[in-house]
Amino acid sequence: SSAASDVYKRQDMAKTYLYKYRSIECLDRDLKTLSNDSFYASDIKHLNDDQECYFNSEMFIASLESLLKTFPNNDQVISKVREQFESIVAFRNQIGVFSLSKNPCSGMMWALYASERKGYCVIYNKEGLMEVAGPINKNDRHMLNVSYSHNLPRPNLMDIPSGKLLQKLYGTKEKSWSAEEEVRIITDNFGFQKIVPSALHGIIFGSEMSDEDKDKIKKVLVGRNITFYQLKRKTDDYGYTYVLDEIFEKPSDLNETSYAKPILSKYGVTDNYYVKLLVIPPNKEWVINFMIAFKEKYAEGDRQMNIWLFRKDTPDKDMSINSESFKKYCIGEWYVGVKEDELESFVYI
């Protein structure tokens, strides 16, 4: 439909998006969280399913006891495995859970979690949610596609080498919840968690949301890259779709025609940008101002950032600090530790 095509034109098809339904009753609190580039990971006892992270560990313990009888000389190793397993089980009281959905158009979810469509749905960039949001990696995060079962999960020893243990302990729910199509992020502590600004892609306004609440959301999120959509009922079938409402873009003095699409390499807490100019810079001041404007446009919150600027005739293979021709083509560089008032020394024209 034309409505659906509007959505896909505005979304990067190379990215995967996840969705968080939100009620209107918590709007002010949630807008503060969004504007602070954060999400809230709940502790287990405050989730709406009282069987969260519920499992039967009898098989795991029985396997260890069987091993102990078969290999009595390895009792210290086997006891260590048991201790580790018990510590993981006890860790359930400390972890945080941030629940999202793969489906932004679930009528049931809009009714239950978004105030009967008076609320809204947050669109997240899946990859961005897992990025380190600052100069130090403070928290571990694990993303799990929730599996649904009629039977209680039963962890066993083989779940450790196969990597299935976390899925069974923290990523399995009873079958009746399957309509939620949940993806969840498990954090090592519950509470507020920082994200990079680009993790927030957009907002879908509920079909019954008031204009006043829409304006409140837009006012709080002005000055950043975000797209707003409107939920609508399908006219020719059951169900919902959503269409473009408005696009906000972060203001920038950067001349978009003066450079090619940057090459980005991510390393832990640092973003490395390799930028080829499409113009010949007139002087050092122009290069310095370009790098400052580039950083303002592309900086991801508190992540560290390095920029290398290359001449317009630079072959793509030489746009690297590891290239033998680096000094021939590099015009300027701004890396971690270099202050803005020191940039003149790092411009080479």
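User: Which residue in E11 stands opposite Gly 202?

Analyst: Gly 202 stands opposite Thr 227 in E11. This is a predicted model, in which local features need pLDDT of at least 70 and side-chain atom pairs pLDDT 80 or more, while totals for chains, interfaces and linings use all residues. Residues are numbered from 1 along each chain as its sequence is written, and side-chain values use heavy atoms, leaving out hydrogens and water.

User: How many bridges join strand E10 to E11?

Analyst: Two strands pair if DSSP finds at least two bridges between them. Strands (E, at least two residues) and helices (H or I, at least four) are DSSP runs numbered from the N terminus. Here 4 bridges join E10 (residues 200–205) to E11, and the two run parallel. The chain has 11 helices and 16 strands.

User: How many residues of strand E11 are buried?

Analyst: Buried means under 20% relative accessible area, exposed over 50%, and partly exposed in between, with a 1.4 Å probe and protein chains only. In E11 (residues 226–233), 6 of the 8 residues are buried, so the strand is largely enclosed by the rest of the structure. Of the chain's 349 residues, 45% count as buried.

User: How many salt bridges are there?

Analyst: A salt bridge is a side-chain nitrogen of Lys or Arg within 4 Å of a carboxyl oxygen of Asp or Glu. The count comes to 21. One of them joins Lys 173 and Asp 49, with the closest N and O atoms 3.9 Å apart. This pair links distant parts of the chain, 124 residues apart: Lys 173 is in strand E7 (residues 172–174), and Asp 49 is in the loop between strand E2 (38–41) and helix H3 (58–70). Lys 173 is buried at 5% relative accessible area, and Asp 49 is buried at 4%.

User: Where do Glu 246 and Lys 218 lie?

Analyst: Their side chains meet in a salt bridge of 2.8 Å, N to O. Glu 246 lies in strand E12 (residues 240–248) and Lys 218 in helix H9 (residues 211–221), so the pair ties together parts 28 residues apart in sequence. Glu 246 is partly exposed at 34%, whereas Lys 218 is buried at 14%. As for networks, salt bridges that share partners join Asp 49, Glu 52, Lys 173, Glu 182 and Arg 184 into one.

User: Is Lys 118 buried or partly exposed?

Analyst: Lys 118 is partly exposed, with a relative accessible area of 40%. Lys 118 forms a salt bridge with Glu 116, the closest N and O atoms being 4.0 Å apart. Glu 116 is also partly exposed, at 48%.
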